[in-house]
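Visitor: I am new to this structure and would like a close look at one part of it. Please show it to me before I ask.

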Amino acid sequence: MPALAVDAVAPVAHAFACDAARFPAPLLGPAVEAADKSDAAAWSADLSSALYNVDGWGAPYFFVNDAGDIAVRPHGAATLPGQEIDLAKVVAKAAGPRASGGLGLPLPLLVRFPDVLRHRVEALNAAFDYAVRSTGYGGRYQGVYPVKCNQDRHVVEDIVEFGEPFRFGLEAGSKPELLLAMSCLAARGNPDALLICNGYKDDDYVSLALMARTMGLNTVIVLEQVEELDIVVEASRRLGVRPVVGMRAKLRTKHAGHFGATSGEKGKFGLNAAQILSVVSKLKVLGMLDCLQLLHFHIGSQIPTTALLCDGVGEAAQIYCELARLGAAMSVIDVGGGLGIDYDGTHSAQTDMSVAYSLEEYAAAVVAAVGRVCDRKGVAHPIICSESGRALVSHHSVLVFEAFSASAPGLIDPATGYILDELTDECRADYRNLMAAAVRGDFETCALYADQLKRRCAEQFNEGVLGLEHLAAVDGLCEIVARAMGAAEPPRTYHINLSVFTSLPDIWAIGQMFPIIPIQRLGERPAVDGVLSDLTCDSDGKVQHFIGGRHSLPLHELPVHGTRGYYLGMFLGGAYQEALGGLHNLFGGPSVVRVSQSDGPHCFAVTRAAAGPSCADVLRAMQHEPEVMFQVLKQRADGATAAALARAFGAMPYLSFDPEAASMASGDSSCMSSDSEGSAAGVAEEDDDEWEFMRGLTV
């Protein structure tokens, strides 16, 4: 490359000082404070709401309030202004120190809103009820919740309780799920509620299902394989219980997205046409054709359009009518899951992250498709069942976690020019040519010299000619030049006190995207583009793809006054994430609070709180014996060290900061109380020892 004519006498440091004025000031040092204030004044909570598309994915439950915080409408659109719950205040109550009225829970924190769950159950049933009444459909809707979506005891119990007026039941896919479904329905379920038994089955599974019938539960054993019929027949004879049987049909209608992998003729589950006829024939020979009463199918989760839905439901309804024609005592068509969630708020069918219909449109399409086929075939309208787990539980919980540090922006150190003056003659020539091209605005040549300078300096560093300071100075200079040339500043990395593998497993495993946004400071302009990096020692422990097609997330600068408190929330993650999470690096689950709307001044009450698994808990899950480990270490420790070891075993695995600094950045102590005033059921007045590992250990 030909050398450019520059003043060879001028020292490098002097040239740098003069030419630096050519670059935008924010790239060379801290932004001008007055400009920041003007910029902040031009921003608003409404602009943040639009930036993060909160109304798109959050309605009718989440919105940005006038304080710039994410708030929750626990009763959906019917929520009154005095019933809205400020999520930042909930976190302050849960994570704040006890001395200030908080509960002292470590983060990360999972916040459950049972009122939202109730509203989801009621809205689903209301949508189908309206579709049934408005079309003159002759049957009714009677749904079930597939417990695999979230097996948490309180979630399942809430759904059964909230669904009792609607005969709402449960679906199980394994023996432990069947046991919890039996127990929950027996304790608080409607006697007519369905208990759908899906999944692969052995004699123990089938026997449990038949025992449930003897207990008065409305149990239906759904055949996934032809061979399961023999197991059902044998177990029913042995126990003297006549079964109610369903079949899962393998439809030809296929969902093309990621979530449709279990649909179509080559799907994982179900019986094809020949196998269905084989089951019918065998039941007829055994005199048990009246036991066949339900047809089940599943197109796939996140069905994108009602057109695809109608194709699948219509095909299944044809099979249902054929089974009725063959003499089966058909009464229920189970349309499975597939009712989707609009994760990105686009209301479109272009990706797996959204759906192009509403809850009401979904229900109307199902009812119309079943009714149309049955009318044509002259078959009585069946009970319509759905297994809409994702749609029920996704909205009810929010995962809150803290960004505790961030990578520094690329800024030029004032001493950089003098360090560059120490470069070798070859590197100094590249530098002068680079600056001359920058002064002329010849950015193409500028880029060539920047690349050459970096490569030459790297070679000389490897030869021991240059030091680490020289490499850092050249890298910083080239970054500034690139930005002055119009290159986008690379996203900064925000380090979060969380494990992606434990709490956001679908992000890592299948590229799922959930809405992730700050839960406060939304009245301020987010001036940083960031990506998220978790605590694990794994390069996959990051979040760098966000809804809206973004490869970075608009974020705020972290607080600079020495306190923690920049909190982010992950929304719509109430389905699957808790059960699928692993223990990579032995990071366990989050702390959990259950928050209900109340009529007091703070609009909420914490009705249940529990710290997340301790270090001892996660060690025990991997077959270690924390008590023995402690005793071994105690032998080499004095009293104070042993006490510290005990506390370490009892603490959560996540980073722990000064509890006083865990309050919200506003420092508003009034946020540290709620209507529960720290006396909610299950959390009131525990001694500090109950929050530590000291159980069973002596120091």
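Visitor: Does Leu572 count as buried or exposed, and at what relative accessibility?

Guide: Leu572 counts as buried, because its relative accessibility is 1%. Buried here means under 20% relative accessible area, exposed means over 50%, and partly exposed is in between, with a 1.4 Å probe and protein chains only. This is a predicted model, in which local features need pLDDT of at least 70 and side-chain atom pairs count only at pLDDT 80 or more, while totals for chains, interfaces and linings use all residues. Residues are numbered from 1 along each chain as its sequence is written, and side-chain values use heavy atoms, with hydrogens and water left out.

Leu572 sits in the loop between strand 19 (567–570) and helix 22 (577–580). Helices (H or I, at least four residues) and strands (E, at least two) are DSSP runs, numbered from the N terminus. The backbone at Leu572 has a phi near 65°, a positive value in a residue other than glycine.

Gln302 is not a glycine, yet has a positive phi of about 55°. Its place is in the loop between strand 10 (292–296) and helix 13 (306–325). With 2% relative accessibility, Gln302 counts as buried.

Two other loops hold cis peptide bonds. Another joins Leu107 and Pro108, with omega about 5°, and Pro108 is in the loop between helix 6 (87–95) and strand 4 (109–112).

Of its 699 residues, 53% are buried. Among contacts (heavy atoms within 4.5 Å) with a separation of 6 or more, 77% are between residues 24 or more positions apart.

The mean pLDDT of the chain is 87, and 86% of the residues reach 70 or more; pLDDT is the predictor's confidence in each residue, from 0 to 100. Over residues 1–35 the pLDDT is below 50, and this stretch has 58 contacts in the model beyond near neighbours in sequence. Residues 659–699 also have pLDDT below 50, with 99 contacts beyond near neighbours in sequence. Where pLDDT is low, the predicted coordinates should not be read in detail.
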